[in-house]
Amino acid sequence: MTDVPEPVRKCANLLKGTRSDTEKFAALFMVTKLVKGKDCNAEGKKLLFEAIGFPFLKKLLVSKDLPNDCPPLVYKSVALSILTCFCQEEELATHKDIIDAIPTLLEIVEQADDEDYEDNLIVVSEAYSCLKSIASHEPGQQALLATGAIPKMSQIYSAQSFQTDEALHLIVLLVNQFGKISWPEDPTAFHALIQRIALDMETDHTDRKYELCRILADILITCRKEIVINSLEGQIWPESLFKGCGDILKAKIGPKQRDPALHLIATTLQVLGIQWAFMDEQKQFFLQLLQLAAIEVRMQMDEKKLETTFKQADLLSCCFVILEQCIEYMATDQLDLEPKEKQTTYTALKGAFNQVVAVLTRVSQDKIRDSVNPRDKKFVVAIVKVLSAWLAQETTAMRPAIYKLLPFMLKVANESFHDLKTWRAGPREGEPPIDVLRIMLPALCHFAVEEEARRVLFTHKQDEVLLEALEFYFSIAHWKRPPIPRAERLKRMNEPDPVPTPEQQAEMKVARTAIVALCNILMNFTVLEPKKAEDGPTFASLLKFVVENLPELKDTPDNLVIHGNLAVLGLLLLKQQSKKVKQNDFSICRYIQATIRFLWDAYNIDESNDPTALVVSIAYKGFWSDLSELWFLGMQTMCGVLPLVPWLSEFALESGWAEGIVKTLKKVKIGTLPANVKSAYEDFLSQLVDVNGDVQAVLKKADALRVCRNHRMMDLGKKLFGD
């Protein structure tokens, strides 16, 4: 304490020597002067804090039992003035006594509109200053979160009380720190806050409009998305945001206005989805947005030093989010564009992505590619992610440049996949890493059929990573109830079966989409690289994974498409690896039964309004656009597998499938059987007759003669009955 100034030391001694609250309060006026002076250092403030004693300051803040020679507000004002100065020092701002005073400080700012405070608003200002200093340090932030400061501040801003901007800045500081856990399960406070700020942003036409854009973006990105989306009915803030952002897009603005607007739009799209861009049921906002984002990307990435481009990482990342969502929406063919609009849009996108490819190529050759700076790494991931979205739709442009860039893109994608895998295996703290590999899968579906790209993929052993990804995403889609400890099994025996949480259901949906894309890529590999599929260890492991896991997959509507994909992938692999298949291998037997079930259940006449019409079964109907080609490929591949693994025909016979096909077709009206379905069934039954001598008798008994005549199945008829 040797460096404490003498006046401060004297004051501390005076305070310690006081014999009553009145004496101590009188001495406080001297303290207020000292702590605001430049000579009072951190040690001095600490000494004064201890000399006053926090219980006395708290008494001044909350007690009604005070000498009546001064109004209570004067006592409060003096106490807060001193506290504000103390809170400027981290050691005091994080002191347990000051942390414990947070509820009192919150109560003061909540009462800002009370008549008592109208004449002494400095009390409210000082309380905000204390809270701001406390919120600058981790213990204070945790305490503010625990005491519900965010919903309380939201209420204050929504009610437009005195000094509401202070409340808003506190909210932003805390939500930036805590993300989603900032908000309670009840979204009322969140909606009220966003509605108030959105309305202010929509109606304000000064520079504050753009400051509010930034604040809205910072708050929106932290929301509990599922809860907010499910409680949007009756909320008008999405419309306020749409109108406010629409006004900005139409105005003549510079970078200072454009950047926060793009930031807000990107965040809103991440929360509300691309449908928000069509709130007025017109396409103008969408097209303006796409053009603006594409132009911004071109400008910011155009022939600049990489360091300059990386400095604009936040702005560019927002533009990438906008472009990704626009590209994905256009791929759904829901947007009706005039020829001129199509040309303008494509030109804008092509110009932007030429620059993206150019910059990423430079990054791949620069030392920055190995940067460990989290901001740099995040930006590189964002570039690969947006380029992957474009390559999923654009299958011809810039191919030589893309092939050269592909190894670096794979490196980034694979690292991000492994980061996610590691995160899920650990305590899962913070937000999950983005799996760029999953986002890249639709583009890899195109690369899988291009010879040059396929060569790159195999050179970099991407087939191994794709198998790893299939195993990983299957473990998420195939949700299992958590294991119950042995000691608890008896008492929990009558509990209802647990179901996945909404978050787990969302993860399962994403995983199923990834599995379908992975199967698509691996099917193309199997067909187009038959030698590798026959001899490669990765493909042997892939077949083992499919035959062991398909029978375990739960029979639910959500799993039908991945069931079909895995079944057909297994057949294609079985065809290539038929020489290695052991007769009556138990896992193969279970797999083929699950595959027969998929192929058998696709068509029936029982669910038709017309008892003589063959129809796609109800279970398959909603997914038929994803299953139709798969079913025909499955039937075709089954025909190719049977001559190579003839003992599989026993399952078609014993299960009753072969007989069932004939009995069903017998009921189908002449001339109504679609040619492609007729061909699929005829080829399959013909192949069965060729590989298994017992089939003829079974088919004849089921009245195959009538079926062959009715549906003109000439080839099958010859095999069964001769010419």
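**A helix and its surroundings**

Guide: In helix α10, the buried residues are Val123, Val124, Glu126, Ala127, Tyr128, Cys130, Leu131, Ser133 and Ile134. Buried here means under 20% relative accessible area, exposed means over 50%, and partly exposed lies in between, with a 1.4 Å probe and protein chains only. Helices are DSSP runs of H or I with at least four residues, numbered from the N terminus. The model is predicted, so local features need pLDDT of at least 70 and side-chain atom pairs count only at pLDDT 80 or more, while totals for chains, interfaces and linings use all residues. Residues are numbered from 1 along each chain as its sequence is written, and side-chain values use heavy atoms, with hydrogens and water left out.

A disulfide is taken as a pair of cysteine sulfur atoms within 2.5 Å, and a search of the whole structure finds 0 of them. Cys519 is in no disulfide, the nearest cysteine sulfur being that of Cys445, 10 Å away. Cys519 is buried at 0% relative accessible area. For Cys589, the closest cysteine sulfur is in Cys639 at 20 Å, too far for a bond; Cys589 is buried, at 11%.

Charged pairs come next. A salt bridge requires a side-chain nitrogen of Lys or Arg within 4 Å of a carboxyl oxygen of Asp or Glu, and by this rule the count comes to 29. Arg399 and Glu450 form one of them, with their closest N and O atoms 3.0 Å apart. Arg399 lies in helix α24 (residues 399-425) and Glu450 in the loop between α25 (436-447) and α26 (451-459), so this pair ties together parts 51 residues apart in sequence. Both Arg399 and Glu450 are buried.

Glu239 pairs with Lys243 at 3.4 Å between the closest N and O atoms, and both lie in helix α17 (residues 237-250), 4 residues apart, about one turn. Glu239 is partly exposed at 37%, as is Lys243 at 41%. In helix α26, Glu452 and Arg455 are 3 residues apart, again about one turn, and their side chains meet at 2.7 Å, N to O. Glu452 is partly exposed at 36%, and Arg455 is partly exposed at 46%. An α-helix has 3.6 residues a turn, so residues three or four places apart point the same way. A network of salt bridges links Arg454, Glu529 and Lys532.

Finally, Ser686 in helix α37 (residues 675-691) is buried at 7% relative accessibility. A polar atom of the Ser686 side chain lies 2.8 Å from the backbone oxygen of Glu682.

Note on methods
Helix = DSSP H or I, 4+ residues; strand = E, 2+ residues; numbered from the N terminus. Polar contact = N/O pair within 3.5 Å; in protein donor to acceptor, adjacent residues only side chain to side chain.
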